[in-house]
Amino acid sequence: MKMLVAVIVLCLLCAGMAMAQDKVLPLPKVSIEVGKSAKPEDVSVTLQILFLMTILSLAPAILILTTAFTRIVVVLHFLRQAMGTQQVPPSQVLIGLAMFLTFFVMAPTWSRVNTDALQPYLDKKMSLEQAYEKGVVPVREFMLRQTREEDLALFVKLANVDKPKNRDDVPLHALVPAFAISELRIGFQIGFLLFIPFLVIDMVISSILLSMGMMMLPPVLISMPFKILLFILVDGWHLIVRSLLESFH
């Protein structure tokens with residue numbers, strides 16, 4: 001305690017000496033300047049930077065709604081609710097696992113984007129517009145494989161666009177929400193199936209407690225260890241992850 005007080009006093013003395021000598025610590029200065037462009041290339045670079053900043057700000061939404069992340073994270077959260085383990089595993093762990101499983105599922109698609117669009121653009125073999133047109137094709141193909149025709153038809157109809165001749169003519173602004181609700185639907189279906197065995201355990205434990213007259217004892221307190229034991233015996237994480245990965249076409 002004496003040492004802590006001595007350190008505080010020493011710091012105050014040093015600060016007082018610095019103020020007495022009018023010594024000011026240098027602070028970094030950041031400024032944004034708006035000026036006139038000397039050549040057209042300056043405007044192009046500025047617009048590219050603005051476009052890049054916009055994409056980065058929308059990156060979380062793009063990652064969630066155009067990849068396998070939505071289905072995976074919904075199923076994992078349903079699993080935790082069905083087991084009744086509250087905050088175990090923590091949300092950070094579930095989201096991290098969902099992200100790495102998403103990277104695994106999307107690896108072939110992103111590899112094609114890198115080969116067909118990103119690398120040629122970095123090598124200056126194609127323009128930004130051409131790279132976008134090439135890069136969006138694998139992502140569109142992935143989303144089309146997972147999207148139900150009913151959901152796709154709904155958004156095409158509501159978009160008031162001409163009827164597409166084939167699936168490749170579907171506009172992207174109709175494909176993304178159709179893909180998102182299709183993923184939510186499949187995630188809820190898998191989540192419902194996960195609830196059934198754990199619900200049976202809850203009902204059995206509750207019936208046993210009522211028959212024994214232990215109405216004041218919470219059934220969840222007794223059923224949770226049996227749920228965890230069942231999940232361990234059937235190698236639950238292996239089954240869930242395998243089923244999730246195999247559910248993607």
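Residues are numbered from 1 along each chain as its sequence is written. In this predicted model, local features need pLDDT of at least 70 and side-chain atom pairs count only at pLDDT 80 or more, while totals for chains, interfaces and linings use all residues; side-chain values use heavy atoms, without hydrogens and water.

**Exercise 1. The overall fold**

Find how many helices and strands the protein has.

Solution. Start with the rule: helices (H or I, at least four residues) and strands (E, at least two) are DSSP runs, numbered from the N terminus. Counting them gives 10 helices and zero strands. In sequence order the pattern reads α-α-α-α-α-α-α-α-α-α.

**Exercise 2. The span of helix 8**

Check whether the end-to-end distance of helix 8 agrees with its 40 residues.

Solution. The expected span of a helix is 1.5 Å times one less than its number of residues. Helix 8 bends by about 30° at Ile-196, with the proline Pro-197 following within four residues. Finally, go past the end of helix 8 to Gly-213, which has a positive phi near 80°.

**Exercise 3. Thr-67**

Decide whether Thr-67 is buried or exposed, and list what it touches.

Solution. First locate Thr-67: it sits in the loop between helix 3 (59-65) and helix 4 (69-83). Buried means under 20% relative accessible area, exposed over 50%, and partly exposed in between (1.4 Å probe, protein chains only). Thr-67 has 3% relative accessibility, so it counts as buried. Contact means heavy atoms within 4.5 Å. Leaving aside neighbours within four places in sequence, the contacts of Thr-67 are Ile-62, Thr-102, Met-106, Trp-110, Phe-142, Phe-179 and Glu-183.

**Exercise 4. Asp-235**

Solution. For comparison, most residues other than glycine have a negative phi. With 43% relative accessibility, Asp-235 counts as partly exposed.

Conventions
Bend = angle between axes of the 7 residues up to and from the residue.
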